[in-house]
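Morning, everyone. Please look at the model on the screen while I talk.

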Amino acid sequence: MRLASRVLLVLAMLTPAFAVAAPGIPAFSSTPGAGGATNYTFSIEALLLLTALTFIPAALLMMTAFTRIVIVLSLLRQAMGTMNSPPNQVIVGLSLFLTFFIMAPVFDKIYDTAWKPYSDNQISLVQAADLGVQPLKSFMLKQTRQEDLALFIGLAKVPQLNAPEDTPLKVLVPAFIISELKTAFQIGFIVFIPFLIIDMVVASILMSMGMMMLSPVLVSLPFKIMLFVLADGWNLLIASLVQTFQI
């Protein structure tokens, strides 16, 4: 069972490679049976590949840079008070492409160390799984806080590890997710501050002028958009966000 989960994980991470190498995986085989019958068998590798397709969304959301990026962009939209602009499709799309940009070195290592030797019949599927999961574990370890990792190691009652690379995925993945959530909300707090100051200033001015019926949010919205555009906010935010990841 542990082997199957590891294989599924690596297969999910190697999705681009599967797209071009799928013809090399035999799906069906037939053998002659008694009385002229034909017995058909389904390849275990093809079955694992098809099963891995259902795990790809969860792996992309939880085991890559996607979680931090999409939360920060969502908090930015709330801080600006622009309601549904940018729309959810734009935020998710931008988060996906930024995720591919950040994770490209990791995916390249998985392809070079695991999939390419396996497709050339130099190593077995089990060896490919062991080699392919290492770059992903290394990426998650760099982003995971020690206290979060220690928390799940204690909860899982894992024996003392010789090296961080020996951390099992059942411990590393939830610790990585918790660390990503904490980091995303910390960045979101910093993003909120300038827009909050604008809201407070506008609300104070309106109150001093006795304009109680006019919504401060409506008045401050163009000022927040102007501030974000003049400061080249998208450039600053995306650059700072990408640089928070340790590759």
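Predicted model: local features only at pLDDT ≥ 70, side-chain atom pairs only at ≥ 80, totals over all residues.

Residues are numbered from 1 along each chain as its sequence is written, and side-chain values use heavy atoms, with hydrogens and water left out.

Start with helix α7, residues 125-143. Helices are DSSP runs (H or I, at least four residues), numbered from the N terminus. At 1.5 Å a residue, times one less than the residue count, its 19 residues should span 27 Å. The end C-alpha atoms sit 28 Å apart, which agrees. α7 bends by about 25° at glutamine 134. That is the angle between axes fitted to the seven residues ending there and the seven starting there. Proline 135 follows within four residues. Buried residues (under 20% relative accessible area, 1.4 Å probe, protein chains only) in α7 include Gly132, Pro135, Phe139 and Met140.

Now the largest nonpolar core: 44 residues. A core joins buried Ala, Val, Leu, Ile, Met, Phe, Trp, Tyr and Cys through side-chain atoms within 4.5 Å. Ile69, Leu76, Phe139, Met140 and Phe195 have the most contacts inside it. α5, α6, α7, α8, α9 and α11 each supply at least two residues. α9 gives the largest share, 11 residues.

Note on methods: Buried < 20%, exposed > 50% of the residue type's maximum accessible area, 1.4 Å probe, protein only.
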